Amino acid sequence: MTRAELQERFEFRNVRAEEADQTIVIENICFPPNEACSPKSMTERASQAQETFLVAVDKETGKIAGFLNGIATDEEVFRDEFFTDIRLHNIKGKNIMILGLDVLPEYRGQGLAREIMERYLKREKECGRRRVVLTCLDEKVKMYEKMGYKDLGISGSVWGGEKWHDMEYLL
């Protein structure tokens, strides 16, 4: 889809607390059980870190098709506790630690993930953030490099018992 078509089909905005249940379902579709965030953590993010949580809502159905969520922090290194401890979110933090990019299978291959990411990065730059960090598995490194991220190598994160790459985007 073109950018104009994506704009026409989807509403891009912060998550609403009452949408936490939808994000939990989507997270469990998009990630295996060992990697998916807990319902408790996802609910906390949807209610306490809405400004760093961007959803794409299908205008036809009114349902979330995909989202990107993270927390703000002044910390420089990604750590697993970001996934589970909402108290680490500092709205004034200069960095964003992305905790998940989720797009439902029926919406994949249309450029939605890229559009969500581009909007997120633009928004966070406008908020004065300095950098965005995420972790990904080997097979996703190239995708994130195409989005402008730099591979920093193997992460200290062992979330879900996996080996992750730290990826960085300088704003």
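This report describes the annotated domain, the salt bridges and the nonpolar core of a predicted model.

Residues are numbered from 1 along each chain as its sequence is written, and side-chain values use heavy atoms, with hydrogens and water left out. Because the model is predicted, local features need pLDDT of at least 70 and side-chain atom pairs count only at pLDDT 80 or more, whereas totals for chains, interfaces and linings use all residues.

**Annotated domain**

An unreviewed UniProt entry places the feature "domain: N-acetyltransferase" at residues 10-171; such positions are given in the numbering used here, feature names are shortened, and annotations may be inferred rather than shown by experiment. The span is 28% helix and 29% strand, and its end C-alpha atoms lie 25 Å apart. Helices (H or I, at least four residues) and strands (E, at least two) are DSSP runs numbered from the N terminus.

**Salt bridges**

A search of the whole structure finds 19 salt bridges, each defined as a side-chain nitrogen of Lys or Arg within 4 Å of a carboxyl oxygen of Asp or Glu. Three of these pairs are listed below.

| Pair | N to O distance |
|---|---|
| R114 and E118 | 3.8 Å |
| R123 and E124 | 3.1 Å |
| R131 and E168 | 2.7 Å |

Burial is described here by relative accessible area (1.4 Å probe, protein chains only), with buried meaning under 20%, exposed over 50% and partly exposed in between. R114 and E118 are four residues apart in helix 5 (residues 112-126), so they are separated by about one helical turn. R114 is partly exposed at 33% relative accessibility, and E118 is likewise partly exposed at 33%. Both residues belong to a network of salt bridges that also links R3, E115 and R119.

For the salt bridge between R123 and E124, E124 is buried with a relative accessible area of 0%, and R123 counts as buried at 17%. The salt bridge between E168 and R131 links distant parts of the chain, with E168 in strand 7 (residues 165-170) and R131 in strand 5 (residues 131-136), 37 residues apart. Both E168 and R131 are buried.

**Nonpolar core**

A nonpolar core is a set of buried Ala, Val, Leu, Ile, Met, Phe, Trp, Tyr and Cys residues joined through side-chain atoms within 4.5 Å. The largest one has 53 residues, and those with the most contacts inside it are I98, L112, I116, M117, Y144 and Y149. When its neighbours within four places in sequence are left aside, I98 is in contact with residues including L68, F78, M117, Y120, V132, L134 and Y149, where contact means heavy atoms within 4.5 Å.
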